[in-house]
Amino acid sequence: MDSGAYLASQLAKGFARSLHQRAVGLGFSPGQFPILLELWAEDGLTQKQLLERVDIEQATMANTLSRMVRDGLIERRPHPSDKRAQLLFLTPRARAIEAEAIETAREADLALFKGFRVFERELTLEYIRRLLENAKAL
């Protein structure tokens, strides 16, 4: 319990469980949420663009996108100028759950900070941001 990396891993698992419990009724999983966030911000990205924005492995991205197509959250369309690429677009179903999904994630995040005072939460977030910057340099 003295390892920051181990504790961060446990924290991520706890958040994923909390988000999953809240999101199951909306029809998305915690692993799909970062992709949804990116497409809600900018619809019509390529898989390569998503990989640059979401820090996951290529194989994981491909599998997640396939499940999202299967689940009716996104659709693939041919790229207008690159025959090898496809553009990924949100379906009306995914657009319809945006506000509720973001609120669900916010609730899961706030649940992690239950019992924290505002300044403690802000300080913890600042420490986590610094740790992430250090991790990027590794």
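The following legends describe close-up views of a predicted model.

**View A. Helix H4 and its dimensions.** Just after H4, glycine 72 adopts a positive phi of about 75°.

View B. Met61, Thr64, Leu65 and Met68 are the buried residues shown in H4. Viewed down the helix axis, the buried residues of H4 fall within an arc of 100°, so they line one face of the helix. These buried residues pack against two helices, H2 (33-41) and H3 (47-53), and against two strands, E2 (74-78) and E3 (86-90). On the face of H4 turned away from the buried side are the exposed residues Ala59 and Arg70.

**View C. An aromatic cluster of Phe28, Phe33 and Trp40.** These residues, Phe28, Phe33 and Trp40, form one aromatic cluster. The structure contains 3 aromatic pairs. One of them joins phenylalanine 28 and phenylalanine 33 in a stacked arrangement, with 5.6 Å centre to centre and 25° between the planes. Phenylalanine 33 also pairs with tryptophan 40, here edge-to-face, at 6.2 Å centre to centre and 70° between the planes. Phenylalanine 28 is buried. Phenylalanine 33 counts as buried because its relative accessibility is 9%, and tryptophan 40 is buried with a relative accessible area of 13%.

**View D. Arginines over phenylalanine rings.** Arginine 77 lies over the face of phenylalanine 89, at 3.9 Å from the ring centre. Arginine 121 is placed over the face of phenylalanine 113, at 5.2 Å from the ring centre.

Notes. Residues numbered from 1 in each chain as written. Predicted model: local features only at pLDDT ≥ 70, side-chain atom pairs only at ≥ 80, totals over all residues. Heavy atoms only, no water. Buried < 20%, exposed > 50% of the residue type's maximum accessible area, 1.4 Å probe, protein only. Helix = DSSP H or I, 4+ residues; strand = E, 2+ residues; numbered from the N terminus. Arc of directions from axis to C-beta. Contact = heavy atoms within 4.5 Å. Phe/Tyr/Trp six-rings, centres within 6.5 Å; stacked < 30°, edge-to-face > 60°. Lys NZ or Arg CZ within 6 Å of the ring centre and 35° of its normal.
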